[in-house]
Amino acid sequence: DATDALLVSDSQNARVSRFTTDGVFLSHLGGPGTGPGQFQETAGIGVDTSGGVYIVDVAGRVVRFGTVP
């Protein structure tokens, strides 16, 4: 992401985890469900040039998290 954090898809828990390049946990994005910011199962991650994080779930929904601190 924009802070050089590593984004790891955790499809079993329907979220994306953020880590420093040294492997230190920072935060989770999303969680299980069908509401805003929730996923059935994460399927892909993308980051745009402004640092916006996009996560796709198996249902084809795309959730944009914006620039993640």
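Phe25 is partly exposed, with a relative accessible area of 41% (buried means under 20%, exposed over 50% and partly exposed in between, with a 1.4 Å probe and protein chains only). The model is predicted, and local features need pLDDT of at least 70, side-chain atom pairs count only at pLDDT 80 or more, and totals for chains, interfaces and linings use all residues. Residues are numbered from 1 along each chain as its sequence is written, and side-chain values use heavy atoms, with hydrogens and water left out.

The structure holds one aromatic pair. Phe19 and Phe25 form this pair in an edge-to-face arrangement, at 5.9 Å centre to centre and 70° between the planes (rings of Phe, Tyr and Trp, the last by its six-membered ring, pair if their centres lie within 6.5 Å; planes under 30 degrees apart count as stacked, over 60 as edge-to-face and the rest as tilted). Phe19 is likewise partly exposed, at 24% relative accessibility.

The chain contains zero helices and six strands (DSSP runs numbered from the N terminus: helices are H or I of at least four residues, strands E of at least two). Three strands make up an open antiparallel sheet in the order β1-β2-β3, where strands pair if DSSP finds at least two bridges between them. Its edge strands, each pairing on one side only, are β1 (6–10) and β3 (25–30). Five bridges join β1 to β2 (residues 15–19), and Asp10 stands opposite Arg15 in β2.

Of the 69 residues of the chain, 32% count as buried. The C-alpha trace spans about 30 × 25 × 15 Å along its principal axes.
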